[in-house]
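Try each task before you read its solution.

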Amino acid sequence: MDSASGGAAATNLNSINEVQPSATAPPPTASQEGAGESSSSPAPPSRYESQKRRDWNTFLQYLKNYKPPLTLARCSGAHVIEFLNYLDQFGKTKVHITGCPYFGHPNPPDPCSCPLKQAWGSLDALIGRLRAAYEESGGCPESNPFGAKAVRIYLREVREGQAKARGIPYEKKKRKRPTPVTTTAVGINVSAAFTQAVDGGGRGGGVGGGTAANVVTVTAAAAATTTTV
């Protein structure tokens, strides 16, 4: 690593010396300097991209330290499960064993000697990032070891086992869909009914009272035609 970094530093130094302007060249203007700074400063990666890069480098290092060393092309779902088991030693989630008096207790009153493991939610998110990183690195989606059936089964068993041991069920929140509203077209019927009510009230002699009563009836009928599904 030192020799490589030293070589890279020497290369960067040489490149800087090569692009230095000559003594006769005019100095850059303020607008040119601002444009150069804006074009040479790319946007920083998002938190997700940074975490995905760290996870990918960690997995590649795991394959490198594997006995014997394992290449990415020979990696399978079984090796991914071994990697997840390896990560349990760095977990911070208490998972009670069957004989523990706090098995299935979400908030145990006292500490116990049960092991700490990686939470199911952390492993599930990790597999999602590694699956994306594998394909971004040129891997074929059909041969993606992080999407293997064995890995999905393992994650489901971890979820169910931790839910029983910790007494915390993992349930997906269902999205509430807005209820559609259906309104019946009643404009023509209301107009016709209103006209009939006015005419009928005039012929009956009780124009004021009859017309008002009929209009109220027609309005109520029109309001009742609007329904929700």
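A disulfide here is a pair of cysteine sulfur atoms within 2.5 Å. Keep in mind that this is a predicted model.

**Exercise 1. Work out how many disulfides a search of the whole structure finds, and check cysteine 114 by hand.**

Solution. Start with the search: it comes back with zero disulfides. Next, take cysteine 114 and look for the closest cysteine sulfur, which sits in cysteine 100, 3.6 Å away. The cut-off is 2.5 Å, so that distance is too far for a bond. Finally, check burial, where the limit is under 20% relative accessible area. Cysteine 114 has 7% relative accessibility, so it counts as buried. Cysteine 75, at 9%, counts as buried too.

**Exercise 2. Classify the ring pair of tyrosine 62 and tyrosine 66.**

Solution. You need two values, the distance of the centres and the angle of the planes. The centres of these two rings are 6.0 Å apart, and the planes meet at 70 degrees. Pairing requires centres within 6.5 Å, and planes over 60 degrees apart count as edge-to-face. So tyrosine 62 and tyrosine 66 make an edge-to-face pair. The whole structure has eleven aromatic pairs. Both tyrosines belong to one aromatic cluster, whose members also include Trp56, Phe83 and Tyr134.

**Exercise 3. Find what the buried residues of helix α5 pack against.**

Solution. First locate α5: residues 120-136, reaching 25 Å from first C-alpha to last. Then pick out its buried residues, among them Trp120, Leu130 and Tyr134. Their packing partners are α3 (47-64), α4 (77-87) and α6 (149-166).

Key: Residues are numbered from 1 along each chain as its sequence is written. This is a predicted model: local features need pLDDT of at least 70, side-chain atom pairs count only at pLDDT 80 or more; totals for chains, interfaces and linings use all residues. Side-chain values use heavy atoms; hydrogens and water are left out. Helices (H or I, at least four residues) and strands (E, at least two) are DSSP runs, numbered from the N terminus. The expected span of a helix is 1.5 Å times one less than its number of residues. Buried means under 20% relative accessible area, exposed over 50%, partly exposed in between (1.4 Å probe, protein chains only). Contact means heavy atoms within 4.5 Å. Rings of Phe, Tyr and Trp (its six-membered ring) pair if their centres lie within 6.5 Å; planes under 30 degrees apart count as stacked, over 60 as edge-to-face and the rest as tilted.
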